[in-house]
Amino acid sequence: MSRKRVAVLISGRGSNMAALIEAAKAVDYPAEIALVLSNVPGAGGLAVAAAEGIATATVDHRAYGRDREAFERAMQAVLEAQRIDIVCLAGFMRILTPWFVGRWEGRMINIHPALLPAYKGLDTHARALADGATEHGATVHFVTPGMDEGETILQEAVPVLPGDTAESLARRVLEVEHRIYPQALRMIATEYTLL
Ligand code: GRF
């Protein structure tokens with residue numbers, strides 16, 4: 001079995017990245033985390049990945065000003081140099097252009113902390129609480145040009161409990177994220193192996 005080479009794109013602490021790294025240690029996992037790429041120099045997840053012996057790279061978006069495509073071309077060069085098959089966005093806080101999304105169509109996935117199509121965008125936990133939602137959750141989906149709009153791969157709900165704050169709800173959702181992201185990547189990587 002040839003394991004698919006995966007890049008995880010992060011901007012911060014990288015707890016979902018860490019969950020993917022752990023899962024990929026299983027001998028039967030169909031993907032390996034070949035690269036962790038951050039747009040934020042010094043993002044916490046970079047040190048975690050490096051300690052696991054995983055190649056890391058930083059492409060600082062600020063160096064490209066408003067030229068999003070120039071930033072993405074720089075990322076693309078790193079991804080191609082590492083012969084990446086699949087991209088996992090994990091707390092990657094940049095909006096991607098149709099050019100970049102098109103390059104990775106069907107091969108780029110994202111984890112979002114809500115039951116899409118509900119609560120696209122930011123501050124999902126606070127918005128769900130403000131609405132009096134009784135359930136919330138996480139979704140892994142394909143990335144398409146519309147933000148948080150691509151086809152769902154896996155989704156799992158958690159209950160909203162009395163007294164929940166945005167923080168307590170985020171913690172409950174994050175446990176789900178760490179479980180379903182590795183499952184979804186397994187599904188996608190297996191599909192490619194069979195193609
Ligand atoms: C997660 O809640 C993810 O769903 C969202 O950003 C957060 C990133 O957390 N897109 P981490 O960096 O994976 O810990």
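This is a predicted model: local features need pLDDT of at least 70, side-chain atom pairs count only at pLDDT 80 or more; totals for chains, interfaces and linings use all residues.
Student: What does the side chain of Ser-15 do with the ligand, in distance terms?
Tutor: An N or O atom in the Ser-15 side chain is 2.5 Å from an oxygen atom of the ligand.

Student: And what about the side chain of Glu-177?
Tutor: One of its N or O atoms lies 2.7 Å from an oxygen atom of the ligand.

Student: Which part of Asn-16 comes in, backbone or side chain?
Tutor: The backbone: a polar backbone atom of Asn-16 is 2.9 Å from a ligand oxygen atom.

Student: How much of the ligand does the protein cover?
Tutor: On its own the ligand has 360 Å² of accessible area, and the protein covers 84% of that.

Student: Where does the ligand sit?
Tutor: In the largest pocket. That pocket has a volume of about 950 Å³.

Student: How many residues line the largest pocket, and which lie nearest its centre?
Tutor: There are 36 lining residues, and Gly-91, Phe-92, Met-93, His-112 and Leu-122 lie nearest the centre. By class, the lining has 17 nonpolar, 13 polar and 6 charged residues.

Student: Which helices and strands each supply at least two residues of that lining?
Tutor: The helices are α1 (15–23), α5 (124–130) and α6 (166–194), and the strands are β5 (108–112) and β6 (135–142).

Student: Changing topic. Is the peptide bond from Leu-116 to Pro-117 cis or trans?
Tutor: The bond from Leu-116 to Pro-117 is cis, and its omega is near 10°.

Student: Where is Pro-117 placed?
Tutor: Pro-117 belongs to the loop between β5 and α5. Asp-123 lies in the loop between β5 and α5 as well.

Student: What is the phi of Asp-123, positive or negative?
Tutor: Positive, at about 55°, although Asp-123 is not a glycine.

Note on methods
Residues are numbered from 1 along each chain as its sequence is written. Side-chain values use heavy atoms; hydrogens and water are left out. A polar contact is a pair of N or O atoms within 3.5 Å; within protein, one must be able to donate a hydrogen and the other to accept it, and residues adjacent in sequence count only if both atoms are side-chain atoms. Accessible areas come from the Shrake-Rupley method with a 1.4 Å probe; for residues, only the protein chains shown count as cover. On a 1 Å grid over the protein atoms alone, a cavity is a set of points where a 1.4 Å probe fits but cannot get out, and a pocket is an open set with protein on both sides within 12 Å along at least five of seven lines; lining residues have an atom within 4 Å of a point. A molecule sits in a cavity or pocket if more than half of its atoms lie within 2 Å of its grid points. Grid points are joined across faces, edges and corners, and a volume is the space filled by probe spheres set on the points. Helices (H or I, at least four residues) and strands (E, at least two) are DSSP runs, numbered from the N terminus. Ala, Val, Leu, Ile, Met, Phe, Trp, Tyr, Cys and Pro count as nonpolar, Asp, Glu, Lys and Arg as charged, and the others, Gly among them, as polar.
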